[in-house]
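Please look over the sequence and the model below before reading the notes. The briefing takes a few places one at a time.

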Amino acid sequence: MASKARVLHCCVCKKPYKYKGADPYLLPCLHSACAECIGAKGKAITCLFCRESFDKGKFIFLNDAITQAETLASTLQYKPSEIKCTNKDHNLDAVSWCKECESFFCLSCQAAHSQVKSSSTHRMVSLKDMVAADLQSLKSFCPDHESYALDLYDETCEILICSKCARSNHKHCQSEELDDVVAAVKKETEEDKMKLATKLQNVKSLIDESNEKQEMMRKRHSTLKDLLTSRFNSLRDLITRREAEVTKALEFRHLSEMDEAGRVSSKLKQMFSICDNTHSYTGKLLELGNKSDMLMLKEPVKFRTEMALSEGAEVFDFVPVHVTFSKENIHALKNILQTVCDIETTEGDDGSFLNLYANFEGSPEKDVPGIADDDQKGDARHVKAEREPIDVDPDNDNGNKEVGNEENEQGTGAELIDDTGPLSYPALKFDMERININKVHVNNKGFLVNTTVSPERKLRKYVGTTAGTPLPKNKFSYWEVQSDFDMASKMHQRGLLMEIGVATGASLDNNYCMSGQVGSRCLAIAHCSAHDGVCAKVWSNGQKLRCYENVLSTGSGTSETLRHGLLYDGTRNILTVFDLNNVVQLVALGEGELDDDQWPVFGAYNSSLAAVQMKLVSGSEIEMFNSKTKMLKGVLNSVL
C-alpha cells in the first residue's frame, strides 16, 4: 500500500503549500506562514498550531527554505506531473534534475544539455530516483561577482561572501571558510538535537506514566464504587435481616396470642351456648309445664343447670406486646455509621489496596496457634443494654432525661480517681522498634494492620507488637482497643484473627502468638469448632479459661467492629477485660505476685481470612461515658 503524502500547511490560513506557490516564511515558533499571511494587514501574526502571537515590528521572518524543500520533495514523490521543465518555457513535464545547473529538464532538453560540451559532464538525476538530498545546492555564486562562489562567511557583517569580496569591499572584515563555519554549526545543531531527543524521551515517559496513572485512577474509582456499593448493601442487608428477625418474632408472638385468645373465646362461646340453652328450656318448663311435668323433668333439668353453673369462665389475660429499641445502642450505631467509611488519600500508596482488601499471604493455618477449642459458653453476648419503648424517640431526651442522660452523658471519670484510688490513663503507642513488619505494619492513620510491608523482622516470632513502655506497678492503668474486621472468606477451623492483653518481658517473643504462653493473659478472636463461628477466647498463663460465643459474623464481605477496654491492676497483677460494645465486664485474670514488667501486647493475623485494623485508644483519647464509668467503678470498688 502506497504511503500517504504529508501535506504541509500554512500555520495561519491552513492552506496547503504548493510547488511554485506562495513562499513559506519561518516564525519564531519554527512553524511556517505563507507570504500572503506575512504580508496581510495587522501588527501581529498568530500561529494556529501553537497559539503564539508575534509582533511583525519586532521580528524578521526569514524565508523557510526547509519547508520549500519539503514541499518540492513531496511534489516529486506524489505529484511529479506538476514539475515542469525550467530550461524553456514550453510547459513540458520534467524528467530529470541537473545538480550543477539546479534546473529541471524535459526529455528533449535533457538530450540537448548532454550534447553541449560544457555541460556534458554535469550530474543528471532522474525524477523518479531523486531524494531530498539531491535538491541541495552544491554552490551558490556571488551576486556581485557572478563567476565566484560564495565560499566564505563574513563574521563581521554576518553574510556569505566570495574570495573577491574578501579582497575588496570586505577586506577589513573577519571571515572564515564557509565549510568550517557550517561544520561547527552542524555539530552544535546535532548536539542540540540529541539533547532534544533525550528531553522528548523523558517527556514521553512522563506522558505514558500519566496515562497509566489516569487509567489506574479510573479503575480504582470503579473498584471503590463497587466496594462502597457492596459494603453498604451488606449494611443494609444486616438491617433488613434484623428487621425480618424482629418482625418474625413479633408475628410469632402475635399468632400465639391470637391462638390463645381464640381458644378462650371458643370455650366461652361453648359455655354461653350451654347456659343459654338451659336457661331457655328452664323458662319454657316454668311457663308450659304442669305439675306432673315439673316432677318428671326435675332431675335432668337440675343436672344440666348444675353443670352450666359449675363450669368456670376462663378470662383471657391481655398483656400488651412492646417493641423496644436500645437508646444507647442506637447512638452507638450512629457513631459507627459516621466513621465506618471515609474517603482518604494515602501518601506513597502504590494502588495495591492493602488497607481495603485482605492480603492473601498463603495458608490460613500459617499463623494459627495449635490450641484446642472449648465447649464452655460465655454470657457476655447475651447481656442486654437498658431499653426503652418504641414510642419513645431515641434522639429526643424530652421527658426521658433521667434514663438518657444517665447512661449516655459524657463524663470525665474524675470520680474514679477521687473515690477509688490511683487510676491512670497512660498514653500508649504501638512500639515501632519491636513491630514484626514481616507480618504486620502500622498505617498512616496509626492502625495496626495484618498486612506485610517489609521482609524485615524486628520481632523474630510474635506477629504483632507491644506498647512502647511497660505498665506501672503501683497503679490501675486503663486503655482501649478498637478492632475493625473485613471478612475476606468464610472462617474455618483454627483461624486466629487478633489478640490483646498483657505479657511479661520474658514471654514477648517466644511464639507467633501470646495465647497459650506462660506469663501472658490475652483475649483472642479466633474460630471456634465447638460453636462453628468466631468466638472471643480468654487465655491466662497458658490455660484457656472461657469462650464467648459468636462475637463476629463469618460471612464473606461483612464488616464488623469490636471494642474492648483493659484495666490492669499493677498492685495485684490482675487484668480485667471489658466488652465495650455491650458495656459489660468479660473476665478478670489474676497472675499472682508481680515478678516482671508487664507489657500491653497487640497481635493481628491471617489477612487471607479477614483484613484486621486495630486502633489503640489511650490517654486523653478515651471517652468516659457514665455507663463506662459505672462499669469501671464497680470493678474498682470491689477491689478497694
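The points below describe a predicted model and are grouped by topic.

**A nonpolar patch on the surface**

- Leu228, Phe232, Leu333, Leu337, Val340 and Ile343 form a nonpolar patch on the surface, and together these residues have about 510 Å² of accessible area.
- Two elements, helix H5 (178-288) and helix H8 (327-339), each give two or more residues to this nonpolar patch.
- Ile343, one of the residues of the patch, has its place in the loop between H8 and strand E13 (388-389).
- Ile343 counts as exposed because its relative accessibility is 71%, and the cut-off for exposed is over 50%.

**Helix H2**

- Helix H2 covers residues 65-78, and its 14 residues should span 20 Å at 1.5 Å a residue, which agrees with the 20 Å between its end C-alpha atoms.
- The buried residues in H2 are Thr67, Thr71, Leu72, Thr75 and Leu76.

**Ser515 in its loop**

- Ser515 is found in the loop between strand E20 (496-504) and strand E21 (520-528).
- Although it lies in a loop, Ser515 is buried, because its relative accessible area is 4% and buried means under 20%.
- Leaving aside residues up to four places away in sequence, Ser515 touches Glu499, Cys522, Ala524 and Trp539.
- With Glu499 there is also a polar contact, made between the side chain of Ser515 and the side chain of Glu499 at 2.7 Å.

Note on methods:
Residues numbered from 1 in each chain as written. Predicted model: local features only at pLDDT ≥ 70, side-chain atom pairs only at ≥ 80, totals over all residues. Heavy atoms only, no water. Patch = residues over 30% accessible without salt bridge, like charges linked within 9 Å, V, L, I, M, F, W, Y side chains within 5 Å. Areas by Shrake-Rupley, 256 points an atom, 1.4 Å probe, with all protein chains shown as cover. Salt bridge = Lys/Arg side-chain N within 4 Å of Asp/Glu carboxyl O. Helix = DSSP H or I, 4+ residues; strand = E, 2+ residues; numbered from the N terminus. Buried < 20%, exposed > 50% of the residue type's maximum accessible area, 1.4 Å probe, protein only. Expected span 1.5 Å × (residues − 1). Polar contact = N/O pair within 3.5 Å; in protein donor to acceptor, adjacent residues only side chain to side chain. Contact = heavy atoms within 4.5 Å.
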